[in-house]
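Good morning, everyone, and thank you for making time for this short talk. Please have the sequence and the structure in view while I go through the parts one after another.

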Amino acid sequence: MSNEAPNATSPSAATVSLANARRVADVPARLFGSFVEHLGRCVYGGIYEPDHPTADADGFRQDVLDLVKELGVTCVRYPGGNFVSNYNWEDGTGPRDQRPVRRDLAWHTTETNQMGIDDFYRWSQKSGTEIMLAVNMGTRGLKAALDELEYVNGTAGTELADRRVKNGIEEPMDVKMWCIGNEMDGHWQVGHMSPDEYAAAVDRVAHAMKLAEPALELVACGSSSAHMPTFGEWERKVLTKAYHDVDFVSAHAYYHDHGYRTHDTIEMQDFLASAEDMNYFINTVADEADAAKAINHGSKDIAISFDEWGVWYQGRWNEQETAWAKSKNGLHHGAWPTAPHQLEDIYSAADAVVEGSLMITLLKHCDRVRSASRAQLVNVIAPIMAEPNGGAAWKQTIFYPFAEAAHYAHGDVFAPVVESPTVTTKSYGDVAAIDAVVTWDAATRSGLLLAVNRDLDAAHDVTVSLAGLPGADGAIAVTHAQVLHDDDPYRTNTADEPNAVTPADLAVSTAADGTLTFTLPAVAWTAVRFTA
Amino acid sequence: MSNEAPNATSPSAATVSLANARRVADVPARLFGSFVEHLGRCVYGGIYEPDHPTADADGFRQDVLDLVKELGVTCVRYPGGNFVSNYNWEDGTGPRDQRPVRRDLAWHTTETNQMGIDDFYRWSQKSGTEIMLAVNMGTRGLKAALDELEYVNGTAGTELADRRVKNGIEEPMDVKMWCIGNEMDGHWQVGHMSPDEYAAAVDRVAHAMKLAEPALELVACGSSSAHMPTFGEWERKVLTKAYHDVDFVSAHAYYHDHGYRTHDTIEMQDFLASAEDMNYFINTVADEADAAKAINHGSKDIAISFDEWGVWYQGRWNEQETAWAKSKNGLHHGAWPTAPHQLEDIYSAADAVVEGSLMITLLKHCDRVRSASRAQLVNVIAPIMAEPNGGAAWKQTIFYPFAEAAHYAHGDVFAPVVESPTVTTKSYGDVAAIDAVVTWDAATRSGLLLAVNRDLDAAHDVTVSLAGLPGADGAIAVTHAQVLHDDDPYRTNTADEPNAVTPADLAVSTAADGTLTFTLPAVAWTAVRFTA
Amino acid sequence: MSNEAPNATSPSAATVSLANARRVADVPARLFGSFVEHLGRCVYGGIYEPDHPTADADGFRQDVLDLVKELGVTCVRYPGGNFVSNYNWEDGTGPRDQRPVRRDLAWHTTETNQMGIDDFYRWSQKSGTEIMLAVNMGTRGLKAALDELEYVNGTAGTELADRRVKNGIEEPMDVKMWCIGNEMDGHWQVGHMSPDEYAAAVDRVAHAMKLAEPALELVACGSSSAHMPTFGEWERKVLTKAYHDVDFVSAHAYYHDHGYRTHDTIEMQDFLASAEDMNYFINTVADEADAAKAINHGSKDIAISFDEWGVWYQGRWNEQETAWAKSKNGLHHGAWPTAPHQLEDIYSAADAVVEGSLMITLLKHCDRVRSASRAQLVNVIAPIMAEPNGGAAWKQTIFYPFAEAAHYAHGDVFAPVVESPTVTTKSYGDVAAIDAVVTWDAATRSGLLLAVNRDLDAAHDVTVSLAGLPGADGAIAVTHAQVLHDDDPYRTNTADEPNAVTPADLAVSTAADGTLTFTLPAVAWTAVRFTA
């Protein structure tokens with residue numbers, strides 16, 4: 001945001017400079033995590049569909065698995081989300097034909113429990129992803145969490161660990177990262193709590209889990225958004241109380257274009273600047289975490305696990321839910337479907353630009369945000385869609401910015417100095433049209449520039465000065481440059497036309513002094529790989 | 001209550017006028033509910049006694065069932081009361097010979113679990129009553145409540161619903177009304193809570209139950225009496241916190257003649273005016289509920305479920321309990337009897353008048369009191385007594401006022417303008433001797449006048465003006481008029497003399513202008529059915 | 001403590017006078033209790049070791065059992081301690097080969113559950129000790145406590161009591177004294193609570209247990225030491241809330257010579273005066289208990305159960321624990337040993353003097369301290385060591401002061417007037433070198449004088465005037481007099497030299513007026529039995 005007077009830069013041009021750039025931190029592997037919840041067709045009909053032509057012996061769709069690998073996901077948060085707050089982990093273990101069918105209150109569906117921890121562990125082995133587990137703090141608590149931990153990570157020889165061995169998983173699953181519940185500040189959550197209640201509860205659970213396994217990395221629930229009534233107070237109380245045993249505090253944020261019904265341009269411009277909210281969210285949580293550290297005379301920083309983020313058209317979902325609720329005229333008329341179509345947002349070119357912009361923000365804060373999970377992975381507000389009835393899997397527009405960062409953002413993150421024309425937004429005032437971040441891997445002398453043009457109306461010339469990368473000793477050579485843009489920002493991919501919106505080559509001029517220049521059309525995301 | 005100067009009415013006469021009467025509301029069917037607790041011989045040896053000559057294949061006494069129907073009970077709250085706070089609902093399901101025997105702490109008895117939810121459902125079908133279930137918030141909480149809900153109301157196809165089907169009940173029981181615990185403000189209660197603790201707990205349970213079934217009608221515990229130390233504060237905190245998911249707040253009130261040992265007339269006069277306390281109780285709870293609505297910017301009114309009310313000689317019970325406690329001189333000397341004689345109050349003519357008076361008060365508040373349960377149904381502070389060892393069932397004095405209202409109070413309630421001589425009471429000051437209410441069913445053009453004379457010493461002439469009933473277009477015709485009174489207000493019915501105190505015909509004069517006149521003896525209840 | 005000017009008493013002499021002595025109270029049998037926790041080798045390899053040559057059919061070591069009887073233990077607290085906060089009592093019941101193996105988080109060990117309540121009951125019968133049980137308030141709560149109570153004390157005929165009968169214990173165990181959790185104020189405790197949280201929890205549990213069995217004697221957790229951040233506040237809140245249903249509040253205190261590594265004399269002198277801290281602790285808790293009584297307008301005094309006390313080199317343990325924690329470099333590298341060597345402190349002559357001094361303090365406060373448990377009994381900070389691999393059991397130095405008091409402190413306690421030279425301490429200022437207490441059993445006309453010289457440097461002459469013992473009518477006759485002292489206060493017993501430090505005879509001069517005189521060397525404990 002800038003209210004400065006116009007400078008030498010032309011109104012339609014931006015500069016991105018590595019000189020005086022702040023080295024943020026190394027890129028955490030977990031920044032490219034995703035979220036898999038028992039919700040809609042994310043699990044059933046998504047990663048798991050035994051009747052699908054591509055399914056393997058475990059029932060995992062290989063077409064989906066291939067796209068997951070192509071997406072570059074490093075770590076997967078499981079099994080919820082709201083779902084976990086009324087989940088019995090035991091239900092998803094042991095022989096599949098003996099598992100109980102349950103009502104899930106979070107999404108008002110029938111849960112068959114044909115997938116569970118055992119199965120997800122096998123899927124994680126096949127997908128090469130780290131597991132991040134959430135425990136139920138809604139209908140259960142301390143004891144169930146400890147039992148689950150022992151089942152998952154325990155060495156054979158105790159009743160619970162032996163049960164896992166009997167279920168076919170001989171070695172401890174070695175799950176290091178655990179979420180102590182999910183969005184317990186949300187009034188919608190089964191078993192929601194006040195800040196004081198959750199502070200006491202998470203302090204107890206985290207302490208006991210650490211007694212068992214001191215090397216665990218534990219995530220306390222933070223606010224479900226920066227707009228919760230208890231935002232800030234929640235973080236302060238929770239982290240002050242549980243400081244010594246908690247390593248991360250979670251943050252969740254979803255954004256969408258509130259003008260989606262009418263294609264309102266003011267709303268769209270606001271939506272394009274969503275990263276401003278994420279930036280504010282991260283800074284505020286970091287401040288509260290530091291205050292908690294000070295009160296506890298502590299030496300460690302509480303990190304942020306931004307373990308739900310992305311574009312989600314909650315407005316559409318709420319419309320559906322309201323209609324569904326009103327259609328019920330009696331006690332038993334509410335259906336409990338199994339794996340229904342829920343939250344199956346179809347993403348536009350503009351959505352992809354926003355997701356690319358959010359990823360830039362996460363990278364710029366990766367000294368504090370040491371873990372992140374895009375929500376979700378398949379079918380449910382997801383980059384990967386898996387058609388039912390033997391259909392194919394395909395990529396949404398938002399697939400591309402995530403995949404590029406996951407595969408090519410290595411080494412260290414640098415927050416460049418950006419001088420940019422501004423655009424005026426309803427919620428954030430005047431904001432920079434251009435945002436950018438650079439990663440640089442000194443070992444391989446390869447780097448990645450990620451940038452977005454958040455201006456709904458105007459293209460902008462961008463000049464990037466890469467001089468100053470530590471250890472760079474050759475000339476800048478662009479190895480790959482792409483841009484994601486469509487003249488119709490509302491255009492989407494579909495099952496029938498899955499390549500309607502994909503990245504195109506970007507023309508980049510390279511100067512001898514390490515300066516790159518290119519033009520970003522309105523509403524565009526770009527990635528430039530280079531060596532130096 | 002009136003301190004006005006004497007008016008034209010003679011000191012010994014009262015007028016009851018429908019002119020300017022306030023239409024309160026329609027008569028709620030649930031106002032004629034009753035309460036069945038696993039306590040003493042209410043269940044075992046009451047509604048259920050398989051060895052009794054009249055027992056059916058399910059073990060239900062038909063003599064009791066016949067009287068329940070004669071009483072006109074519409075809805076039954078089950079299984080407690082204090083009992084529920086240490087109850088496992090699962091214990092009362094499945095094959096009877098596999099059910100566990102338990103200690104019940106609430107009443108220090110042995111619970112055989114031969115009756116449970118399954119059986120009570122069958123009994124409710126046979127008795128034609130709606131079920132109102134209470135869940136255990138003492139030794140259990142959220143998870144057990146959700147499981148119970150799924151067992152009771154779930155559609156077949158989940159583990160819990162299928163368990164019900166396996167136990168012989170194929171269709172969902174369709175129980176709409178659920179009490180979230182019982183008297184959790186009472187220090188005597190297993191698992192009692194502070195106002196803040198219960199507010200948080202009920203908010204969580206009610207929200208999760210509504211997630212499952214939005215059409216449920218949920219009752220939060222209110223105060224166990226208007227004289228609890230947290231009265232008022234309790235309602236305000238609980239309803240403010242749980243406003244959005246709670247539909248009712250409970251109220252409980254028991255009254256008795258504190259001079260029962262010595263036949264103290266001051267105490268008896270006080271007792272006769274007990275409805276004054278109920279009136280104050282209802283008004284106060286309504287005020288707190290409205291305050292909670294305002295704080296929540298809500299649009300719905302929280303209703304009152306007056307789900308325990310009646311005459312109970314708690315003084316006698318406390319004497320028994322104290323003696324019993326003192327008789328124990330060691331750890332194991334406390335007996336744990338099965339279905340002992342507990343709280344088997346025998347009711348007098350005066351008790352019946354008070355119960356009639358309380359029913360008038362409930363009717364006059366039925367815009368807010370949308371549910372009520374007289375406590376209890378059989379043997380335990382009950383209108384119906386069931387003799388053991390193959391003995392008969394018989395009616396107590398209090399049977400009659402309840403039955404008359406349950407069968408004949410239809411349509412709308414009108415609170416007439418009552419001008420009455422007053423009596424002086426210890427607790428309530430000067431109160432009207434005569435109280436009255438009128439119900440009027442415009443569809444059938446039939447009405448009911450209920451009135452009491454609460455004066456211990458004097459008979460009063462009563463003039464009732466029925467002119468003004470909406471839709472009435474004929475002359476008033478009295479179809480039935482009765483009075484319950486005994487010159488000895490302490491006289492009771494007994495097993496041997498079950499008809500000692502019963503209603504007698506009342507002489508009513510009818511004038512052409514719709515005016516009825518009659519004389520009520522001291523300590524009397526009357527009911528006049530009419531058409532117009 | 002005294003800052004008075006020197007008086008006629010020589011600086012190196014002390015007087016102990018029964019004239020004007022305060023009769024404290026009768027000696028409570030439970031004052032000589034001990035503590036047995038599932039920790040290290042206290043249970044496994046301690047009281048229970050089925051492979052040991054002396055083991056009986058139940059697996060109990062008879063050499064240990066013989067020493068337990070010689071020690072004179074009256075009452076044993078079981079099964080924890082920290083252990084209980086993650087313990088399932090059911091795990092230790094039923095056939096041994098069907099019991100589950102569990103992780104214990106409190107001590108990071110593997111719990112085989114080969115000992116449990118059933119077995120401990122049998123051991124208590126053989127050792128002639130009363131059982132004092134602690135319930136799990138960490139991972140469980142109200143319901144588990146009630147179930148355990150019914151299993152332990154219930155009369156046959158209910159599911160839980162019948163389970164006990166089936167497990168071979170036909171009669172109720174008749175356990176009267178129950179601890180509602182353990183050290184719930186400690187941040188190290190699984191499920192630790194704030195003062196308000198525990199106050200609410202213990203109030204609920206105690207009330208429900210008393211509903212079941214009014215004659216129970218219930219112990220609320222007090223502070224884990226007088227130096228906890230919530231000390232005082234904890235007692236006040238807990239006892240105010242749960243006053244009516246709680247009989248005891250616990251106190252725990254451990255002391256050790258903080259200069260143990262360097263033989264720092266200032267630290268040793270401080271350690272010798274540890275009873276000053278215990279004295280302050282008891283007085284403060286008594287004050288808080290009395291305040292809670294007043295607020296509740298109560299008539300009973302809350303007693304203190306000093307149910308963990310003794311010398312424990314926590315510094316050594318913390319060093320071990322820190323090293324152990326640091327040795328772990330991964331998730332599964334933390335071992336979960338079964339019955340490892342933990343807390344196996346070896347005690348010196350000075351340690352025995354301190355324990356003797358603490359016992360004197362407990363006796364002087366036995367009007368309020370009506371129960372105490374020395375922690376622990378075997379191997380773990382214990383008077384009795386049991387060598388593994390068929391080895392012998394032997395007595396530590398601290399065995400002797402406990403055994404003498406347990407066997408010979410009968411009748412009433414008198415707190416004599418002590419005039420003593422003082423020693424200067426770092427923590428407590430100037431304190432009396434000599435402390436003493438007298439018990440007197442009028443029925444048998446036998447008494448016991450217990451005294452310590454806490455002076456690290458100087459011997460002191462002691463003159464004891466026993467005139468004034470109620471009912472004494474003969475001349476004072478010393479029947480046995482012993483002193484425990486070693487010129488090297490750091491000298492210990494060992495398995496190989498178990499009698500290195502034992503009591504020796506003490507020379508006592510008796511005068512006709514009932515005056516005894518003797519000299520106590522520096523750092524010495526003495527016991528003089530007499531008749532009168």
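Chain A has 11 helices and 24 strands, where helices (H or I, at least four residues) and strands (E, at least two) are DSSP runs numbered from the N terminus. The radius of gyration of chain A, taken over C-alpha atoms, is 23 Å, close to the 24 Å of the globule rule for 532 residues, so this chain is as compact as a globular protein of that length; the rule is 2.2 Å times the number of residues to the power 0.38.

A word on what we are looking at: this is a predicted model, in which local features need pLDDT of at least 70 and side-chain atom pairs count only at pLDDT 80 or more, while totals for chains, interfaces and linings use all residues. Residues are numbered from 1 along each chain as its sequence is written, chains are lettered from A and ligands numbered from 1 in the order in which they are written, and side-chain values use heavy atoms, with hydrogens and water left out.

Along its principal axes, the C-alpha trace of chain A spans about 70 × 55 × 45 Å. Of its 532 residues, 64% count as buried, meaning under 20% relative accessible area with a 1.4 Å probe and protein chains only. Among contacts in chain A (heavy atoms within 4.5 Å) between residues at least 6 apart in sequence, 78% join residues at least 24 apart.

Let me turn to chain B and its barrel. Eight strands close into this barrel in the order β2-β3-β6-β7-β8-β9-β10-β11 of chain B, with parallel pairing, and two strands are said to pair if DSSP finds at least two bridges between them. From one strand to the next, the twist averages 30°; axes here are lines fitted to C-alpha atoms, for helices over the stretch in contact, and angles run from 0 to 180 degrees between N-to-C directions.

Helix α10(B), residues 349-364, lies across β9(B), β10(B) and β11(B), running at about 175° to β10(B).

Chain B also has an open sheet of 10 strands with mixed pairing, in the order β21-β20-β24-β18-β17-β14-β1-β19-β23-β22. Strands β21(B) and β22(B) stand at its edges with a single partner strand each, so one side of each is left without a neighbour in the sheet. The helix α10(B) packs on this sheet too, touching strands including β1(B) and β14(B), and its direction makes about 55° with that of β17(B).

Finally, the copies: a rotation of 120° with 0.0 Å of shift along its axis superposes chain B on chain C, with an RMSD of 0.0 Å, by least squares on the C-alpha atoms of residues with pLDDT of at least 70 in both. The two copies are thus related as by a three-fold rotation axis, and in chain B the C-alpha nearest that axis is that of E197(B), 5.8 Å from it.

Key. Buried < 20%, exposed > 50% of the residue type's maximum accessible area, 1.4 Å probe, protein only.
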